[in-house]
Amino acid sequence: MNKELFYYSAPWCVPCETLGPIMDQVNRQIPVRKINIDYADPAVITSAQVRNIPTVVLIENGQEVRRFTGVKSYNQIIDFLNYG
């Protein structure tokens, strides 16, 4: 199974600053694509239905499986990846 996380954030977002280092740790377990909403194509943000940041979207085999917004701990994100 091919899993990947899309992490939507912005440099001015305080919760994103908190989540950033945690996502760097998660990136050692699963690929994380960080998308800065200030520079991304607005169509990408719209098609991903990102309304709040930080938003993390789990993609498996090219399809969205689940998502969360806000800050979670490393262990919570690992549980999220394993559908815990």
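A residue is counted as buried when its relative accessible area is under 20%. In this predicted model, Cys-13 has a relative accessibility of 5% and therefore counts as buried. Cys-16, with a relative accessible area of 4%, is buried as well. The two cysteines are joined by a disulfide, with an S to S distance of 2.5 Å. The link between Cys-13 and Cys-16 is right-handed, with 75° about the S-S bond. A search of the whole structure finds 1 disulfide.

The mean pLDDT of the chain is 94, and 98% of the residues reach 70 or more. Among the elements of the chain, the highest mean pLDDT, 97, belongs to H1, and the lowest, 92, to helix H2 (residues 42-47).

The largest nonpolar core comprises 27 residues, and Leu-5, Tyr-8, Met-23 and Ile-77 have the most contacts inside it. Two or more residues of this core are given by each of E1, H1, strand E2 (32-36), E3 and H3. H1 supplies the largest share of the core, 5 residues. In soluble globular proteins, nonpolar side chains tend to be buried together. Apart from neighbours within four places in sequence, Met-23 is in contact with Leu-5, Tyr-7, Val-32, Val-56 and Ile-77. Two of these partners, Leu-5 and Ile-77, are also listed with Met-23 among the residues that have the most contacts inside the core.

Ile-77 is located in helix H3 (residues 74-81), where Ile-77, Phe-80 and Leu-81 are buried. These residues lie on the same side of H3, because they cover an arc of only 100° around the axis. The buried residues of H3 pack against two strands that flank the sequence between them, E3 (55-60) and E4 (63-69), as well as against strand E1 (3-9) and helix H1 (14-26). After H3 comes Tyr-83, which has a positive phi, near 60°.Strand E1 contains Glu-4. The relative accessible area of Glu-4 is 19%, so this residue is buried, given that the cut-off for burial is under 20%. The side chain of Glu-4 makes a polar contact of 2.7 Å with the side chain of Arg-33. When neighbours within four places in sequence are left aside, the residues in contact with Glu-4 are Ile-30, Pro-31, Arg-33, Val-57, Leu-58 and Ile-59.

Technical notes
Residues numbered from 1 in each chain as written. Predicted model: local features only at pLDDT ≥ 70, side-chain atom pairs only at ≥ 80, totals over all residues. Heavy atoms only, no water. Buried < 20%, exposed > 50% of the residue type's maximum accessible area, 1.4 Å probe, protein only. Helix = DSSP H or I, 4+ residues; strand = E, 2+ residues; numbered from the N terminus. Arc of directions from axis to C-beta. Contact = heavy atoms within 4.5 Å. Polar contact = N/O pair within 3.5 Å; in protein donor to acceptor, adjacent residues only side chain to side chain. pLDDT = per-residue confidence, 0-100. Disulfide = S-S within 2.5 Å. Core = buried A, V, L, I, M, F, W, Y, C linked by side-chain atoms within 4.5 Å.
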